[in-house]
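Visitor: I'd like to learn how to read a model like this one. Could you walk me through it?

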Amino acid sequence: MSANLSGVRHTRGFDIVKPLSITVMIAVMLPLVLLPLASIFIFGTANGLESFWHALTAPEAIFALKLSIVTSFWATVFNVVFGLFAAYVLSKYNFWGRNALIVTISLPTAIPTAVAGFALLLLWGPYGTLSRVLGEENVPEIMFTAWAIILANIFVTFPLAFGVIKPVFDTMNTSLEEASATMGATRLQTFWHVTLPSLRGALLGGALLTFARAVGEFGSTILVSGNLASRTQTAPLYIFAKFNEGQVEAANAIAIVLALLSFAIFSILFFARDYLETD
Amino acid sequence: MLESLANESAAVSIRDVSKKFGTTTVLDDINFDVAQDEIVVLLGASGSGKTTILRIISGLEMPGTGRVMLHGKDVTNLPARLRGTGVIFQSYALFPKMNVEQNIAYGLKLRRRSKSEIRKTIDRLVGMVHLEDHRKKYPSQLSGGQQQRVAIARALAYEPEVLLFDEPFGALDAQIRASLRREIRKLLKEIKVPSIFITHDQEEALELGDRIAVLNSGRIEQIATPYEVYTNPATEYVATFLGSANIIEGVIRGRTFQSEEISLEIPSDYDFRDGQPAKLVIRPEDIFLRRPENLMQNYQQLTEGVVEETSFVGAFERVGVRLPTHDGQRLIATRPKTETAAFQLYAGQRVTVGVVRFRILPDLTRLPLHANRAV
Ligand SMILES: Nc1ncnc2c1ncn2[C@@H]1O[C@H](COP(=O)(O)OP(=O)(O)OP(=O)(O)O)[C@@H](O)[C@H]1O
Ligand SMILES: [Mg+2]
């Protein structure tokens, strides 16, 4: 039967377009994406796994990875909780200036990250706006600390989480919530039992996107963190610093970890969302 | 105001309810009751305010003025969740992440009923709506008719004060609609839950309702039994919206209705002033066509006319007859098969038009006529 079918197809002639287009696609992607990624792994493990392991477990490297993960984690928590709240308010209530607010919230996506970091410095920094208005002694010194990294992460990634969660709210069938109300549910019960379950996929997506982006954040972090080794140096900053010092192997070990992390997150996004979003 | 007193025995009482959205009046002084084991159908064109009435009863919308009473209790200021109404939304609004059992259990869990009670209720309802084989399925795995039955079971679970159906058959095809509405009517009659049913399908209204309220741009034009609404429509709108009707404009002269060639004796129970403009309303099936001077006894002769066309529409024949009025008014008559066999009609044939039953409605859009003005 199947032999028959392929026979039929064969009589129509060999379709040259298919292999050709696949080849072209790979030929373009290879130098753009695949080869650079492969190089990280090839180079990083070139001197044997032992030296790779050594580079990876250097105290500075471990600290940088931990700092990246912890700051990204808190940015993620904030984005999911507050992104949910903001999306709820902005799609539920119509008020003057709502659209302006939505645009403003989404704006940081379009701002260069270095500008974002700079903007934070100008607000919180020792000579910044807050100090001028409130007096320097009344402004907490959060620049060049882990807090600054979290702030920068949030600034840069909040639009991502918001952008994933908000459309789900917008398209959600309001009669579900009305049905829940007529059945006797309070707003909180409705939110918990009806609204939230429909948002699981979007929340996971928003969280993973935030985390992936925050772990790799460089431009804003380098400005607000001070880039102090074992104090405020995140993993991407560590890569940059080691590379500048000529310690390519040290930089490479961390690069591998970050690449694998992104790959893992992307896989979860790809497979888990389908699963979560099936009704 | 006698009307404003709630009917103590009614399950639902709507009193003087009006509603505006912005400056447009959507509901205008709505009054009606639903008895404990009654099904009232709200029938009206799109935009006539049917859904708004339902939302006001369930508490999803506040009335501008007026009161809503459920079993004698004024609930006008009560939020939706405390009213205990069961709403079956047009799209069913089943919770997509809950399976059939969880959907049905939701209202009971909110009321903190015991596990064993919830289980018993689920078993009973799942059986009642014939979903035994689908208990663990999610809404997206069910057909439209099954989803609707889940929606009904879900609303029945917490013993609602009233069931409110917003065009529950809208999403289903014609055949299923017909069988489902019989099924639902039977069910509602068994469990004796007062129900309000929205539809804009006249057949559905006639078959489903104990009473029909006909809505026209925010007003109830008539509320009565299906038979009453059909045979004695209170307004021209009701006559033409529910079933089809021939309308002839004329004027009352003594005990007759006059319009050019037509002169029709009116029954004694009509109380019209002489010169009152009026409209004659005749259902197509109440018209009888005969050879001239050959009319049967219980028919009043309306006039003579000429057959324009005949068309066969399944169960009956539709005949267009031109009347000898100056504007050549057309009447539509329908004849059953037995008739068409006994007396064949063809275009151009002269016939006598008789009527067996008719309504005369005062025409409030025209001023009373004085003797010398032509109609
Ligand atoms: N929230 C609202 N804001 C403004 N206008 C509204 C609102 N809800 C309903 N309307 C208007 O009120 C009128 C009645 O609406 P309603 O939904 O009650 O009609 P309906 O009889 O249910 O119609 P349909 O058969 O199309 O469902 C319509 O003209 C509609 O545009
Ligand atoms: Mg409606």
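**Around the ligand**

Guide: Let's begin with the shell: a residue counts as near a molecule if one of its heavy atoms lies within 4 Å of it. Around ligand 1 those residues are F21(B), V26(B), A45(B), S46(B), G47(B), S48(B), G49(B), K50(B), T51(B), T52(B), E167(B) and H200(B). Keep in mind that this is a predicted model, where local features need pLDDT of at least 70, side-chain atom pairs count only at pLDDT 80 or more, and totals for chains, interfaces and linings use all residues. Residues are numbered from 1 along each chain as its sequence is written, chains are lettered from A and ligands numbered from 1 in written order, and side-chain values use heavy atoms, leaving out hydrogens and water.

Visitor: Which helix gives the most to the shell around ligand 1?

Guide: Helices here are DSSP runs (H or I, at least four residues), strands likewise (E, at least two), numbered from the N terminus. Helix α1 (residues 50-58) of chain B gives the most, with three residues.

Visitor: How far is an oxygen atom of ligand 1 from the side chain of S46(B)?

Guide: For polar contacts, look for N or O atoms within 3.5 Å; within protein, one must be able to donate a hydrogen and the other to accept it, and sequence-adjacent residues count only if both atoms are side-chain atoms. A side-chain N or O atom of S46(B) sits 2.5 Å from a ligand 1 oxygen.

Visitor: How many residues of chain A and chain B are in contact?

Guide: Taking contact as heavy atoms within 4.5 Å, 23 residues of chain A meet 24 of chain B. The two chains bury about 1900 Å² (accessible area lost on being put together, 1.4 Å probe, summed over both), 62% of it on carbon and sulfur atoms.

Visitor: Which residues form a salt bridge between those chains?

Guide: The rule wants a side-chain nitrogen of Lys or Arg within 4 Å of a carboxyl oxygen of Asp or Glu. It finds one across this interface: E178(A) with R55(B), closest N and O atoms 2.8 Å apart.
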